[in-house]
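Open your viewer and get ready to click. We will go from the whole chain down to single residues.

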Amino acid sequence: MKKKAVGVKRGKTTAKSMPKPTSAARAHTLPAALRDRRKLEPDGEFRFGCHRGLPCYTDCCADVNILLTPMDVLGLSRRLGITTGEFIARHTLTPVTKDLHLPVLMLRMEEEPGRKCPFVDAQGCTVYEDRPWSCRMYPVGMGLPPARAGDEPEPVYVLFEDDFCKGRNEPGKWTVAQWRTDQNVTDREEIESGYRELISHPWFIGGRQLDAKRMELFHTACYDLDKFRDFVFGSSFLARFELEDALVAKLRTDDEALMRFAFRWLRFALFAEPTLKLREAAPQTRH
Ligand code: SF4
Ligand code: SF4
């Protein structure tokens with residue numbers, strides 16, 4: 001039984017917005033789902049409380065679009081005891097839209113009727129400790145405007161004020177900063193900070209697009225960490241790059257270290273940044 005179930009916005013529109021890989025051509029615009037919401041400063045207050053006594057309890061865990069971050073995929077896979085590849089195959093969808101310039105994963109809801117989240121039961125969220133970033137943050141949403149030359153994109157916070165959610169009538173008062181601490185998102189965000197840097201990378205300024213091969217590299221390294229580990233240890237990877245022995249040993253067993261390394265390697269593979277060093281006589285194979 002969980003302390004509380006944190007829901008996400010019900011309905012067809014994107015629930016809350018992770019830093020979304022929107023086109024750099026739409027620089028300084030927020031995703032449509034966030035644009036008309038009430039903006040929150042980090043110290044701006046909102047009212048919210050979520051508990052089993054509310055009539056809406058668990059209602060929000062159905063028919064909802066939940067974008068997954070690399071930490072979400074990793075945490076849920078490990079909790080379920082399956083590989084990241086199995087989790088992606090069983091529990092995610094990869095939406096394709098014309099303005100999506102990087103692959104994203106969405107949590108797959110169960111089939112009709114109800115389209116419930118596969119992880120909700122009558123008691124609440126069965127994966128509470130590993131629930132996705134979006135579920136933690138609701139009713140707060142966050143958008144990260146795409147990069148602009150010489151400008152670090154700052155997160156923009158908004159408040160979802162959904163009628164179906166009775167939690168907004170509860171007496172608890174929070175600032176964004178307090179809510180983020182309470183929901184334990186800051187440590188997780190730090191581990192995957194490299195992911196956020198990738199999706200708002202200045203390389204995309206001007207509307208540049210990755211080719212299909214690089215899109216696939218991004219998908220594997222960001223979301224399918226077990227496949228990325230196989231790639232590192234089962235290919236010529238270690239013969240091509242100069243890596244410290246201690247780091248290599250860590251990458252074999254430490255998921256967080258491997259995730260950080262995956263983001264570092266992606267900067268090399270996608271944007272030709274010198275984040276890794278090739279060995280002098282490295283085999284001339286593709287990334
Ligand atoms: S992961 Fe948990 S909190 Fe998120 S929608 Fe599913 S049941 Fe609800
Ligand atoms: S209060 Fe809001 S977040 Fe909590 S269960 Fe109800 S609808 Fe979901």
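**The whole chain**

Start with everything selected. The protein chain holds 12 helices and 12 strands. Keep in mind that this is a predicted model. Of the 287 residues in the protein chain, 37% are buried. Now think about contacts between residues at least 6 apart in sequence: 77% of them join residues at least 24 apart.

**Colour by confidence**

The average for the protein chain is 86, and 83% of the residues score at least 70. Next, select residues 1-28. Here the pLDDT is below 50. Even so, this stretch has 99 contacts in the model beyond near neighbours in sequence.

**A strand covered on both faces**

Select residues 140-143, which form strand E8. In a regular strand, side chains alternate between the two faces of the sheet. Look at one side of E8 and find Val140 and Met142.

Zoom in on glycine 141: it stands opposite valine 158 in E9.

**Two crossing helices**

Now select helix H9, residues 225-234, and helix H12, residues 255-271. Their axes come within 11 Å and cross at roughly 75°. H9 is therefore roughly perpendicular to H12. Which residues make the contact? From H9, show Leu225, Phe228 and Arg229. From H12, show Asp255, Leu258, Met259 and Ala262. Colour them by class: five are nonpolar, two are charged and none is polar.

Key. Residues numbered from 1 in each chain as written. Chains lettered and ligands numbered in written order. Predicted model: local features only at pLDDT ≥ 70, side-chain atom pairs only at ≥ 80, totals over all residues. Axes fitted to C-alpha atoms, helices over the stretch in contact; angles between N-to-C directions. Helix = DSSP H or I, 4+ residues; strand = E, 2+ residues; numbered from the N terminus. Parallel < 35°, antiparallel > 145°, perpendicular 65-115°, else oblique. Contact = placed C-beta atoms within 7 Å. Nonpolar A, V, L, I, M, F, W, Y, C, P; charged D, E, K, R; others polar. pLDDT = per-residue confidence, 0-100. Buried ≥ 20, exposed ≤ 12 C-beta atoms within 10 Å, placed from the backbone. Pairing = 2+ DSSP bridges.
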